[in-house]
Amino acid sequence: MGPDKPAVRRVVVDEGSAGQRLDNFLLRELKGVPKTHVYRVIRAGEVRVNKGRAQADTRLELGDEVRIPPVRVPEKAAAPAAPAREFPVVFEDDHLLVIDKPAGVAVHGGSGVSYGVIEALRRARPTAKFLELVHRLDKETSGLLMIAKKRSALVNLQDQLRDRETGKTYAALVWGDWPAKLKVIDVPLVKFVGSDGERWVRPGKEGEEDAKRSISLVKVVQRARDFSLLDVTIKTGRTHQIRVHLQQAGHPIVGDPKYGDFEKNRELARGAAKFDRMFLHARRLSFQHPATGETVTCEAPLPAECALVLDRQA
């Protein structure tokens, strides 16, 4: 006998999906089905919500019944399953989870990475109804990462981030002697795709259409022989913001493989410290709890390899 034919499914919207748009709900339910095909079945009226036709932007409510038509998932789309993995927990309750992400681990799968933190966590917690990233950290960056355990928490925390009501402070080690007077970097940033197909960010020019205002506050914490240790608090959360802001100020982050000083990075990796990662660590995070409104402050100490490279320079 051949493989089972896909059948009509009727899915009742639970708390984890309440408030979600229909298209996003379907993209998750029909993993591996091309986006264009998902939108085609919605437009054709084959997807029903409570037996009625619905649009892609229809918001689902708790208890809604969604009729999902038979859709064959292409076999080649089956990615290798993420291995189950837990990460050091800094804060956790019924609404959210804050972990200390190691450097070198992507936050989610995509662009050449088959899985990341979120996929590994879902595999490690099969009974969790809802786990979604509130924000992102670059693969090379370590430190505090928020994950929502309820849709209401996800929306609330993302609103706080958008309205700049959270405090995110990063420890960054840069090459050279950071000028004490340079405390605010207010330089717009532009995203672009390079000839290598990679995503890059560069400082924008005045009046440039795609340039987004980006603000980083910088404080010198420690000066060492070749380095300056900085606390950088971001007022906007642009892609690669800290990395590009510090580089364009003439002091790239130690170990940055994309915007850094490659010769110096290589020397450091081969030297006594054997330091071969980027020294950018999300060390402090402050936000209003999505359910109680109380201020929650989380801290993650410097990873051992970062503390070691500082000690060797002291």
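The model is predicted: local features need pLDDT of at least 70, side-chain atom pairs count only at pLDDT 80 or more, and totals for chains, interfaces and linings use all residues. Residues are numbered from 1 along each chain as its sequence is written, and side-chain values use heavy atoms, with hydrogens and water left out.

**Aromatic pairs**
- Rings of Phe, Tyr and Trp (its six-membered ring) pair if their centres lie within 6.5 Å; planes under 30 degrees apart are stacked, over 60 edge-to-face, the rest tilted.
- By this rule there are three aromatic pairs.
- The ring centres of W175 and F227 are 4.9 Å apart and the planes stand at 55 degrees, so this pair is tilted.
- W175 and F227 are both buried (under 20% relative accessible area; exposed is over 50%, partly exposed in between; 1.4 Å probe, protein chains only).
- W200 and Y259 pair edge-to-face, with 5.4 Å between centres and 85 degrees between planes.
- W200 is partly exposed at 24% relative accessible area, while Y259 is buried at 5%.

**A charge over a ring**
- K258 lies over the face of W200, 5.1 Å from the ring centre (the rule: NZ of Lys or CZ of Arg within 6 Å of the centre and within 35 degrees of the ring normal).

**Strands**
- Strands (E, at least two residues) and helices (H or I, at least four) are DSSP runs, numbered from the N terminus.
- Two strands pair if DSSP finds at least two bridges between them.
- Strands β10 (residues 184-186) and β13 (residues 215-223) run antiparallel, joined by three bridges.
- Seven bridges join β13 to β14, also antiparallel.
- In that pairing, K219 stands opposite D231 in β14.
- β13 and β14 form a hairpin with three residues between them.
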